[in-house]
Amino acid sequence: DFVLSPDYTFSNFITGPNNQLAYAASVAVANQPGTAYNPLFIHGGVGLGKTHLLQGICQAILTQRPETRIVYVSCEAFMTQFIESVQRGQMLQFRHRYRYADMLVIDDIHFLSSRERSQEEFFHTFNELYQANKQIVLSSDAAPSEIPHLEERLMSRFQWGLVANVTKPHFETRVAILRAKAKLRGVDVPDEVIAYMAQRIDSNARELEGAITNVLAHAALGGRPIDLELAAEALGDQINQPRSNHATLQQIIDVVTGYYSVKLSDLQSRRRHKSVTEPRQICMFLARRHTRYSLEEIGGHFGGRDHTTVMHSIKTIEERSQVNDGFAREITALEERLDQAPA
Ligand code: ADP
Ligand code: MG
C-alpha cells in the first residue's frame, strides 16, 4: 500500500563525491539486507536525493526478491497511523504491520523530534526488527546527534550501523545530473547550455530538475532552439530569487581576499593590474548575487566605483565563467566557501 516512483531507481541516480558513500551503502543494503549496514541512516538537506535512494533500495530488493515484505513510509505516516491505532484500539494490527516486516524504510525520521510517544513506539519497533536481523533504513535532514529532542537511546541506535551524509553536488555532478534529466526527457541540450545552467543553479538536484523543465518549456512553447539566450531567459526567474543563505560583504571580502591573496586595500584602490581587478570584479559579482546591496552601494564599497562599472564587472565575470570551465569552478568554489562561512 505504498507507491514507489519509477524514476527513483539506482540506475537513474547520479553519483559524485557528495553522495558516493550513501549510494554505495544503499546498493550494499539492497544486495544484502539485514547484514551489510543496519540500520542505514542517510542524512542531508532537501532535494539531495534521500528519498530517491530509499526508494531505489526498495525497488532493487523487490526486483531481486519480489516476496520481500517491505514497509516504506514517511515518518508522518508512521506517527499518524500510530495515533489512530491508539485511538481506535487497533494497536495489535499496527504492531503486526510494522514488526513483522522484512524491511522497514522510514523517510524523514527527524519528524520524531519532540514526539515522545511516537519515539517510544518506534524504539520498540526498531528493537524488534533489529533483533530479528531485519533491515532498517532511515533518512533525516540532520545527523542523529543533531535531531533536537530525540531520546538518547534512539540517537545511539541510529548510529549502530552506517551514517551516510549527502551534500550539495559539485559542478561536475551538477552537469551530469542535468545531462541525465535532459536524456530522461528525450531532449538534446547543448553542452554549453548545460554548463551555463550548472554554473547558475548550484543548490540541489530538485532545482536542477526544475531548471531543465523550465528551459524545455520555454523552447517548446516558444518554438525556439535551446541555446544560451533561451536558457538565460528561462532561468531568469529561478536565479534572481534571493538565496536563502545570505552573505555579508565582510564574508565575501574574507573569502575572496583569502582565495586570491590580495588585500582589501588593493580591492578598494585604483590599481588596474589583473591580479587586483579580477578579484575586485569577483567581489562585485558575488555581492550582487549574495547580498541585497544596490549596484551603487556595491560600487561604493569597492573604491567608490559607479554603477555602470559594477554592472560591467558583473557581466565580465558572467561571460568569463560561461566560456571557461576552470574559471566557473573557481567561482563555484568561492560560493561554496561563502555557504560555509560562519554567520
Ligand atoms: P530529498 O529526499 O533529499 O529531499 P529527493 O530524493 O526527493 O531529495 O530528490 C529530489 C529530486 O532530485 C528527485 O526528483 C530526485 O530524483 C532528484 N535527484 C536527487 N539527487 C539525484 C541524483 N544524485 N541523481 C539524479 N537525480 C537526483
Ligand atoms: Mg525526501
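Two exercises with worked solutions follow, on a predicted model.

**Exercise 1. Determine how helix 7 packs against helix 8, and which residues form the contact.**

*Step 1: locate the elements.* Helix 7 spans residues 171–184, and helix 8 spans residues 191–200.

*Step 2: describe the geometry.* Two packed helices are characterised by the angle between their axes and by the distance separating those axes. Here the angle is about 125° and the axes lie 9 Å apart.

*Step 3: classify the angle.* Angles from 65 to 115 degrees count as roughly perpendicular and those over 145 as roughly antiparallel, so a value between these two classes is oblique. Helix 7 is therefore oblique to helix 8. The crossing of the two helices is right-handed.

*Step 4: identify the contact.* Helix 7 contributes Phe171, Arg174, Val175, Leu178 and Arg179, while helix 8 contributes Ile194, Ala195, Met197 and Ala198. By class, seven of the contact residues are nonpolar, two are charged and none is polar.

**Exercise 2. Characterise the side of domain 2 that touches domain 3.**

*Step 1: Contact between them involves five residues of domain 2 and seven residues of domain 3.

*Step 2: find the main contributor.* On the domain 2 side, helix 8 gives the most, with three residues.

*Step 3: sort by class.* The domain 2 side comprises three nonpolar residues, one polar and one charged.

Key. Residues numbered from 1 in each chain as written. Chains lettered and ligands numbered in written order. Predicted model: local features only at pLDDT ≥ 70, side-chain atom pairs only at ≥ 80, totals over all residues. Axes fitted to C-alpha atoms, helices over the stretch in contact; angles between N-to-C directions. Helix = DSSP H or I, 4+ residues; strand = E, 2+ residues; numbered from the N terminus. Parallel < 35°, antiparallel > 145°, perpendicular 65-115°, else oblique. Left-handed = near helix turned anticlockwise from the far one by under 90°. Contact = placed C-beta atoms within 7 Å. Nonpolar A, V, L, I, M, F, W, Y, C, P; charged D, E, K, R; others polar.
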